[in-house]
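Work through the exercises below with the sequence and the 3D structure at hand. Each task is followed by a solution in steps.

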Amino acid sequence: MFGLNRARKTAAVLAATAAAATTALLGAPNAVAAPQPIVGGSTTTTTAYPFVMQITDASQNQFCGGTLVSATKVITAAHCMVGESTSSVRVVGGRTNLNGTNGTVSRVSKIWINPSYTDATKGKDVAVLTLATSMPYTTASYVTSSQTGVYAAGTTARILGWGTTSENGSSSNQLRTATVPVVADTSCKSSYGSDFVQTDMVCAGYSSGGVDTCQGDSGGPLLIGGVLAGITSWGEGCAEAGYPGVYTRLTTFSSLVATQVNS
Ligand code: 4AZ
């Protein structure tokens with residue numbers, strides 16, 4: 001009912017090996033945090049966040065999120081689009097609940113995947129979809145390449161999605177949101193080692209865990225000051241202490257994305 005017939009696009013598994021290696025580096029056993037409920041957030045609506053899009057299969061089962069940045073352009077994660085085709089995906093706007101039938105459903109006329117993308121832990125996790133039908137919703141603006149200051153450690157960022165509310169748990173029927181602090185690159189490097197590609201990624205979360213994106217939130221927005229600054233990409237599990245969520249550092253890809261958005 002909530003899109004579970006389709007495997008969610010998951011990048012988390014890719015991080016497992018690196019995280020295991022990092023455990024030794026941290027010098028302490030990786031205590032397994034209890035799964036928590038977007039983990040740790042609260043429900044919201046597409047009325048409050050009209051630019052948040054569901055990315056679904058042809059049967060409208062949601063498997064990723066995306067952000068509307070013009071009437072016909074959606075920014076999402078490259079790893080969400082691997083193996084997809086213009087006939088296999090839909091974008092749904094204005095639908096707060098996964099089991100709703102309201103809002104606007106569009107086919108996709110073009111999928112642009114960053115041509116340098118290979119897998120989420122190597123960075124470059126960005127894609128732009130061109131919609132066949134215009135979305136009648138307020139769009140989000142996205143960072144320009146010069147706005148690198150938005151990622152200052154401790155800055156409050158907002159995450160949104162329909163993903164699972166606990167690691168390996170069930171998706172949320174209703175859109176959820178939470179705020180998490182941007183994590184210093186040095187700290188994220190300590191968590192993820194060489195899988196953290198500083199130029200292409202930014203981490204966000206509390207050192208104690210508890211609030212995070214999770215499976216099914218991928219491709220959705222990380223907003224800083226209301227502006228799209230990141231794309232939900234990967235992480236070791238969800239909301240675990242010491243393992244913040246990893247987001248595409250959008251400033252690095254702003255120019256590349258703008259070429260697609262404006263094409
Ligand atoms: C995923 O698989 C996923 N905790 C998204 C975000 C995070 C982990 C996994 C970060 O879609």
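A nonpolar core is a set of buried Ala, Val, Leu, Ile, Met, Phe, Trp, Tyr and Cys residues joined through C-beta atoms within 7 Å. A residue is buried if 20 or more other C-beta atoms lie within 10 Å of its own, exposed if 12 or fewer, and partly exposed in between, with C-beta atoms placed from the backbone. The model is predicted: local features need pLDDT of at least 70, side-chain atom pairs count only at pLDDT 80 or more, and totals for chains, interfaces and linings use all residues. Residues are numbered from 1 along each chain as its sequence is written.

**Exercise 1. The core**

Task: Find which residues of the largest nonpolar core touch the most other members, and state which domains the core draws on.

Solution: Start with the whole protein, where buried residues make up 51% of the 263 residues. The largest nonpolar core has 66 residues, and Ile75, Ala127, Ala157, Ala204 and Leu222 touch the most other members. This core takes at least three residues from each of domain 1 (4–35 + 50–139 + 254–261) and domain 2 (148–251); the domain bounds come from an automatic or database domain assignment. In soluble globular proteins, nonpolar side chains tend to be buried together.

**Exercise 2. Strand β9**

Task: Determine which strands pair with β9, and find the residue opposite alanine 157.

Solution: Helices (H or I, at least four residues) and strands (E, at least two) are DSSP runs, numbered from the N terminus. The protein has 4 helices and 13 strands. Two strands pair if DSSP finds at least two bridges between them.

- β1 runs antiparallel to β9, joined by 2 bridges, and threonine 43 stands opposite arginine 176 in β9.
- β8 pairs with β9 in the antiparallel sense over 6 bridges; here alanine 157 stands opposite valine 180.
- β10 (residues 201–204) pairs with β9 in the antiparallel sense over 2 bridges, with alanine 204 as the bridge partner of valine 182.

As for cover, 6 of the 8 residues of β9 are buried. Residues are in contact if their C-beta atoms, placed from the backbone, lie within 7 Å. Leaving aside neighbours within four places in sequence, the contacts of alanine 157 include Val180, Val182 and Ala204.

**Exercise 3. Glycine 40**

Task: Locate glycine 40 and list its contacts beyond four places in sequence.

Solution: Glycine 40 is in the loop between α1 (16–26) and β1 (42–43). With 22 other C-beta atoms within 10 Å, glycine 40 is buried. Its contacts, leaving aside neighbours within four places, are Ala178, Gly210, Val211, Asp212 and Ala239. Glycine 40 and aspartate 212 are 172 residues apart in sequence, yet 6.9 Å apart in space, C-alpha to C-alpha.

**Exercise 4. Helix α3**

Task: Work out how the buried residues of α3 are arranged around its axis.

Solution: In α3 (residues 185–192), Cys188, Ser191 and Tyr192 are buried. Seen down the axis, the buried residues fall within an arc of 75°, so they line one face of the helix; the arc is that of the directions from the helix axis to the C-beta atoms. Glycine 193, with a positive phi near 60°, follows α3.

Note on methods:
Contact = placed C-beta atoms within 7 Å.
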